[in-house]
Amino acid sequence: MSEDDKAIALKMKNLIISRLKLEIEPEEIANDQPLFGEGLGLDSIDALELVLGLEQEFGVKIEDEEVGVKAFASIDALVAFVREKGHQTA
Amino acid sequence: MSVSATSGRGSTDQGSALTLDEILAILPHRSPFLMVDRVVERRHGHSCLALKRVTFGEPGIRTGEGPALPELNPLFLVEAMSQTAALAAAKPGGGAAGGPMVGYLAAIRNFRAVRRAVPGDTLEIRAEVVGRFGDLVKVMGTVDVDGERIGEAELTLSVPREVERG
């Protein structure tokens with residue numbers, strides 16, 4: 001993972017923690033950890049919050065659930081998603 | 001009370017008012033739990049401005065003890081914002097057999113009741129859709145009385161997509 005990607009990953013973790021008011025530190029979220037279900041334990045209401053947060057802070061839209069399932073698989077997947085959407089730096 | 005109203009009927013970019021019949025065709029709630037008397041302006045899928053007159057006779061009024069005025073239980077502000085949010089998000093006849101829609105309040109965040117409403121107040125309830133994902137719709141709700149903010153909340157509704165748009 002490049003330094004830029006690491007910076008985006010950290011920003012993602014901070015976004016998740018602040019938007020969802022989680023009482024954890026960024027380093028407690030592994031980059032390959034599933035965000036939903038038995039991973040970080042997020043649910044569909046959290047997904048809506050993250051969709052809005054990504055749009056506001058990264059300027060990228062998640063158009064539908066199919067895209068969301070892939071993008072929200074992990075921090076690694078989120079970083080790849082915003083990179084694919086053209087986000088260059090953290 | 002200062003609210004903006006539009007003249008005429010039908011959907012426009014500026015929004016339109018709804019009659020009581022139209023409100024009842026969208027919401028399954030009925031008296032005494034219908035928390036919307038009038039819809040002044042509704043932009044389908046985007047926003048809704050509704051009015052509700054607070055009266056002594058409704059179940060949300062609590063009197064307490066001593067000389068304090070009767071007041072509306074603030075949880076009823078959440079209900080009023082939720083019903084107004086549903087009006088912003090759903091279409092008439094979206095439920096089974098063309099009846100009122102079936103949607104659910106899925107989450108409430110950052111609810112604040114700044115002051116209590118009392119009988120005689122007219123609640124100006126605003127709901128603005130700020131995002132959607134799947135069947136979930138996020139709505140910012142506010143309640144004003146005489147231009148003063150008395151309550152606000154971030155609401156998440158679960159509204160099946162086939163009744164949400166169209």
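Guide: First, the ground rules. This is a predicted model; local features need pLDDT of at least 70, side-chain atom pairs count only at pLDDT 80 or more, and totals for chains, interfaces and linings use all residues. Residues are numbered from 1 along each chain as its sequence is written, while chains are lettered from A and ligands numbered from 1 in the order in which they are written.

Visitor: What makes up chain B, in helices and strands?

Guide: Chain B has 3 helices and 9 strands. Helices (H or I, at least four residues) and strands (E, at least two) are DSSP runs, numbered from the N terminus. The elements run β-α-β-β-β-β-α-β-β-β-β-α from that end.

Visitor: How do you know which strands of chain B form the open sheet?

Guide: By pairing. Two strands pair if DSSP finds at least two bridges between them. β1(B) and β2(B) are joined by 2 bridges and run antiparallel. β8(B) and β9(B) have 10 bridges, and β6(B) and β9(B) have 7. The open sheet holds 7 strands of chain B, in the order β1-β2-β3-β7-β8-β9-β6, with antiparallel pairing.

Visitor: Why are β1 and β6 of chain B said to stand at the edges?

Guide: Each has a single partner strand, so one side of each is left without a neighbour in the sheet.

Visitor: Which residues are bridge partners in β9(B)?

Guide: Leu157(B) is the partner of Leu105(B). Gly151(B) is the partner of Val143(B). In the hairpin of β8(B) and β9(B), 2 residues lie between the strands, and Asp146(B) takes a positive phi near 50°.

Visitor: Why is Arg149(B) called partly exposed?

Guide: Count the C-beta atoms, placed from the backbone: a residue is buried if 20 or more others lie within 10 Å of its own, exposed if 12 or fewer, and partly exposed in between. Arg149(B) has 13 within 10 Å, so Arg149(B) is partly exposed. Of the 166 residues of chain B, 36% count as buried.

Visitor: What does Arg149(B) touch?

Guide: Contact requires C-beta atoms, placed from the backbone, within 7 Å. Leaving aside neighbours within four places in sequence, Arg149(B) is in contact with Val114(B), Thr142(B) and Asp144(B).

Visitor: What makes the largest nonpolar core a core?

Guide: A nonpolar core is a set of buried Ala, Val, Leu, Ile, Met, Phe, Trp, Tyr and Cys residues joined through C-beta atoms within 7 Å. The largest has 38 residues, and Met81(B) and Leu87(B) are among those with the most contacts inside it. α2(B) gives the most to this core, with 10 residues. Beyond four places in sequence, Met81(B) touches Ile125(B), Ala127(B), Gly141(B), Val143(B), Ala153(B) and Leu155(B).

Visitor: How does α2(B) lie relative to β7(B)?

Guide: α2(B) runs at about 55° to β7(B), and lies across β2, β3, β6, β7, β8 and β9 of chain B. Axes are lines fitted to C-alpha atoms, for helices over the stretch in contact, and angles run from 0 to 180 degrees between N-to-C directions.

Visitor: How many residues does each chain bring to the contact between A and B?

Guide: Chain B brings 9 residues and chain A brings 8. On the side of chain B, β7(B) has the largest share, 3 residues. That side divides into 5 nonpolar, 3 polar and 1 charged. Here Ala, Val, Leu, Ile, Met, Phe, Trp, Tyr, Cys and Pro count as nonpolar, Asp, Glu, Lys and Arg as charged, and the others, Gly among them, as polar.

Methods: Two residues are in contact if their C-beta atoms, placed from the backbone, lie within 7 Å.
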